[in-house]
Amino acid sequence: MIKTGVFSPTMNTNTQTTSQKNVRRIWLAFFAASVAFLSFSQTYSQIALGVALPFFALDNFIYHRFNLSRYEKRMYQLIALFLALEVVSAISNATPLESLWALREEWLFILIPISLRAFRDSSFHKPFIITVTVSVLAVSLYGTLQHYTGTTFLRPGQSLYQANDGLYLVVGNFHNSLTFGNYLAVASVFLLAWGTLAKVSIRSIAITLAGVAGAVVVFFSYERGSTLGLFAGWLTLGEALLRKNKILLVVLVLFIATSGALLAPRLVQRLTNTFSTEVVNESATNRDISLRRTTIWGTTLRVIKANPVLGVGMGNFEREYERLADPKVELFFSHAHNDILNIAACSGIPALIAYALIWIYLLRNLILRRRLKSFDSPEQLAIAATLVACATFLTVSQTEVAITKEVVRSILMVFWGIGLWGIERIESDLTVSVPVSASKPGSPNLHSA
């Protein structure tokens, strides 16, 4: 039932029965709802996704063949290698059942084929982007209200931290401000890229405004990683705008940065204090030392050195961290506050290599295909926006384990699927317009990737 090769993304809806069309509409609607709910509730998001799955399976495995493009096939092979190494690590340690249960979030990889197949239906593009736009605008409004009033009407009794400026650290409807900030940073840069690169229209302006609003509210989380992630995404977008209106991006970034600094007055001081805690030794307490990222990463490197091949197994990091930590350390953590180090410590260096290969493969193809055409086509918008979101995610993952946070990981997987759709669509177009035998020497070989 699975066919690989060059995939033609054109849907032949004329041959579909009414029941087939309804099944497709149902899973597309619930998938869109799942993405919309990500801004507020991972639980409701997964419920909507669970409803979409059987209809997705019926549509793609019964009514149609589950076609794999060569890019999708290679991507899944790398993911399968990564998952296999994680499972080997889990069953090889002293608590195999606990470690296997800790891997349950890996099921979110399923969002990649769902997102990709959703975008193969061109009629889904507009409602999907509008859904994400409205979702980000809604959570930005709620975050602004929360920042100034401390209200948590979506979750009564939810505790909020108050900054020294008298305003509140925004957590949205999540458990902490870091998850909120990281999610909104990744989602907002995707929208900002899509809106600024698309042809000027009412819709593109609305998408851009949603990206701007989301970025401003990221500052209300007072999180350094999320803020740095925004700048990484903007720099990547700036590179994409080499032949477009870079002045627009500069104006938007200045507006966002200025607004964020003014509306969250203690953010700069918080960032300065955080930096001082990392580098200043005078009068530093053991608690300060324990909270340093350098301390956490240094101890994690000891964990990796002691367990280089299979790691300690998911769920066992804190126990090994406490055993190998410096005597001055008073606080012990359940993760390494860095995705790369955390994967190496928990699942071993081979698993880290597999994880890195996934990223290298995806980024390489996104970068190569982004340079082939103008941004007038939806596939180029998809590729550029995904690339910008990836840059933001990779940045926030250097100071936090973003890949283990369900809501942040979910939106990334959705964007990966959209990016893969753009890659395979460009390949399909080139296959039709440029025969392999006619390609010029030195040009990229798109058919052997």
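Among contacts in the protein chain between residues at least 6 apart in sequence, 74% join residues at least 24 apart, where contact means heavy atoms within 4.5 Å. The structure is a predicted model, in which local features need pLDDT of at least 70 and side-chain atom pairs count only at pLDDT 80 or more, while totals for chains, interfaces and linings use all residues. Residues are numbered from 1 along each chain as its sequence is written, and side-chain values use heavy atoms, with hydrogens and water left out. The secondary structure of the protein chain comprises 18 helices and 2 strands; helices (H or I, at least four residues) and strands (E, at least two) are DSSP runs, numbered from the N terminus. Of the 449 residues of the chain, 53% count as buried, buried meaning under 20% relative accessible area, with exposed over 50% and partly exposed in between (1.4 Å probe, protein chains only).

Helix α3 (residues 70-91) and helix α16 (residues 349-370) have axes that come within 7 Å and cross at roughly 160°, the axes being lines fitted to C-alpha atoms, for helices over the stretch in contact, and the angles running from 0 to 180 degrees between N-to-C directions. The crossing angle makes α3 roughly antiparallel to α16, given that angles under 35 degrees count as roughly parallel, over 145 as roughly antiparallel, 65 to 115 as roughly perpendicular and the rest as oblique. On the α3 side the contact involves R70, Y71, R74, M75, L78, I79, L81, F82 and L85, which meet P350, A351, A354, Y355, L357, I358, Y361, L362, N365 and R369 in α16. The residues of this contact divide into 15 nonpolar, 1 polar and 3 charged, where Ala, Val, Leu, Ile, Met, Phe, Trp, Tyr, Cys and Pro count as nonpolar, Asp, Glu, Lys and Arg as charged, and the others, Gly among them, as polar.

Helix α3 also packs with α15, at an angle of about 50° and with the axes 9 Å apart, and the two helices are therefore oblique to each other. Here F82, L85, E86 and S89 in α3 meet I343, C346 and S347 in α15, and by class the contact has 4 nonpolar, 2 polar and 1 charged residues. Helix α15 (residues 339-347) is in turn approached by helix α13 (residues 293-306), their axes coming within 8 Å and crossing at roughly 30°, so that α13 and α15 are roughly parallel to each other. This contact is made by W297, T300, L301, V303 and I304 of α13 together with L341, A344 and A345 of α15, and its residues divide into 7 nonpolar, 1 polar and no charged.

Two loop residues were also examined. S39 lies in the loop between α1 (18-37) and α2 (42-63) and, at 0% relative accessibility, counts as buried. Leaving aside its neighbours within four places in sequence, S39 is in contact with S135, V136, V139, F174 and Y183. The side chains of S39 and S135 make a polar contact (2.5 Å), defined as a pair of N or O atoms within 3.5 Å; within protein, one must be able to donate a hydrogen and the other to accept it, and residues adjacent in sequence count only if both atoms are side-chain atoms. E223, found in the loop between α8 (202-219) and α9 (224-240), counts as buried at 15% relative accessibility.
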